Amino acid sequence: MDVTTMKAMTAAECQPLLSIKGLKTHFETRAGIVKAVDGVDIELGRGEILGLVGESGSGKSITGFSILGLIDPPGRIADGSITYDGRDLVSMGEEDRRQLRGNDIAMIFQDPSMTLNPVLRIDTQMIETVQAHANVSTAEARQRARDALVQVGIPSPDERLKTYPYELSGGMRQRVAIAIALINSPKLIIADEPTTALDVSIQGQIIHEVKKLCRKTGTALIWITHDLAVVAGLADRIAVMYAGRIVETGKTADLIERPLHPYTKGLIDSVPSHSTRGRRLHQIKGITPSLLNLPQGCAFRERCEKATKECLVAPKPTLLAGRLVRCWNPAL
């Protein structure tokens, strides 16, 4: 291998696997334009795990759907770029997208009914997923399906392959959906609150297996959740999202130990812990504003205890203590 080729390979490895810049995903309704995602910037390295955290309605899931091109009318990507492994996903044709989905990029949905076909057996669906992207025999595809079920902790995998989704519990269906996402060893997995329906022990097992897969294969992961406790032990970095924008991004340990944005601090303070036993949990006052009618300036202004007149102007992301923070009055 010559020096030029080696330099080119090194440069490619240094480039982020996923780069999102200025992403805006809007929904045009009779009442007006819903700015579900309003100027999001994300970079994700190969093998990196990012926790995307925020309350319901903050735009987390829509960000994930935008990456995969799963935004249907009246929704549309109004502005911004999404680059995956050097390829522009926004302008990519539908056929090329189909080749990426389930192969290079996989998504685990919160509701397994979005993944599983109720009239097809589990083995049929998993074998089709393998053979859609790899020229392998049915026997080999079945073995890969069986291995994937074992990986997510499903007992008696040979029997489960022969069942229909309605014969399984909700938690079991979700584990099958996770197995389907893992089956082709994708380079990027987008997980949209995938363990919500699972009990704590299985949740821990799934998180352990997914983390191990990322470390072993270099798979990157975006774990979308409202539960900071989950990503605290999983993610390398955390991006906190509020009203369609990312308000703070940083290394997990730094962000958990010393949150800079008042919203991040509110989320962390509301998580139960041994130190809060017997006391009322902290609660962020108010509710998430309507994305149809966001307040002037900082969207968190009306719920923030540190709000000032400056907050009538929307703050720009600022680099503080190694983190990007969108706030006029961060906790320094």
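Biologist: What volume does the second largest cavity have?

Modeller: Please note at the outset that this is a predicted model. A search of the whole structure finds two cavities of 30 Å³ or more. For the second largest cavity, the computed volume is about 40 Å³.

Biologist: Which helices each supply at least two residues of the lining of the second largest cavity?

Modeller: The residues that line the second largest cavity are Ile67, Leu68, Leu89, Arg97, Leu100, Arg101 and Ile105. By class, they comprise five nonpolar, no polar and two charged residues. The helices that each supply at least two of the lining residues are α2 (60-68) and α3 (94-100).

Biologist: How many residues in the lining of the largest cavity are charged?

Modeller: The largest cavity has a volume of about 60 Å³. Its lining is formed by His261, Pro262, Cys298, Phe300, Arg301, Cys304, Ala307, Cys311, Cys327, Trp328 and Asn329. In this lining eight residues are nonpolar and two are polar, and the number of charged residues is one.

Biologist: Which element gives the largest share of the lining of the second largest pocket?

Modeller: The volume of the second largest pocket is about 310 Å³. Among the 15 residues lining it, the closest to its centre are Asp41, Ile42, Arg237, Thr249 and Leu324. Two or more lining residues come from each of β2 (32-44), β9 (237-242), β10 (245-251) and β12 (323-325). The largest share, five residues, comes from β2.

Biologist: Let us consider the aromatic rings. What is the angle between the planes of Tyr242 and Tyr263?

Modeller: The count of aromatic pairs comes to five. In the pair of Tyr242 and Tyr263, the rings lie 4.6 Å centre to centre and are tilted, with an angle between the planes of 55°.

Biologist: How many residues apart in sequence are the parts tied together by Tyr263 and Phe300?

Modeller: Tyr263 and Phe300 form an edge-to-face pair, at 5.3 Å centre to centre and with 65° between the planes. Tyr263 belongs to helix α11 and Phe300 to the loop between α11 and β11 (318-320), so the pair ties together parts of the sequence whose separation is 37 residues.

Biologist: Which residues do ring pairs link into a cluster?

Modeller: Tyr242 and Tyr263 are both buried, and Phe300 is buried as well. The cluster linked by ring pairs consists of Tyr242, Tyr263 and Phe300.

Biologist: Which residues of α11 are buried?

Modeller: Six of the eight residues of α11 are buried, so this helix is largely enclosed by the rest of the structure. The cover over these residues includes β3 (49-53), α9 (228-232), β9, β10 and α10 (252-257). The buried residues are Pro262, Tyr263, Thr264, Gly266, Leu267 and Ile268.

Definitions and conventions
Residues are numbered from 1 along each chain as its sequence is written. This is a predicted model: local features need pLDDT of at least 70, side-chain atom pairs count only at pLDDT 80 or more; totals for chains, interfaces and linings use all residues. Side-chain values use heavy atoms; hydrogens and water are left out. On a 1 Å grid over the protein atoms alone, a cavity is a set of points where a 1.4 Å probe fits but cannot get out, and a pocket is an open set with protein on both sides within 12 Å along at least five of seven lines; lining residues have an atom within 4 Å of a point. Grid points are joined across faces, edges and corners, and a volume is the space filled by probe spheres set on the points. Helices (H or I, at least four residues) and strands (E, at least two) are DSSP runs, numbered from the N terminus. Rings of Phe, Tyr and Trp (its six-membered ring) pair if their centres lie within 6.5 Å; planes under 30 degrees apart count as stacked, over 60 as edge-to-face and the rest as tilted. Buried means under 20% relative accessible area, exposed over 50%, partly exposed in between (1.4 Å probe, protein chains only). Contact means heavy atoms within 4.5 Å. Ala, Val, Leu, Ile, Met, Phe, Trp, Tyr, Cys and Pro count as nonpolar, Asp, Glu, Lys and Arg as charged, and the others, Gly among them, as polar.
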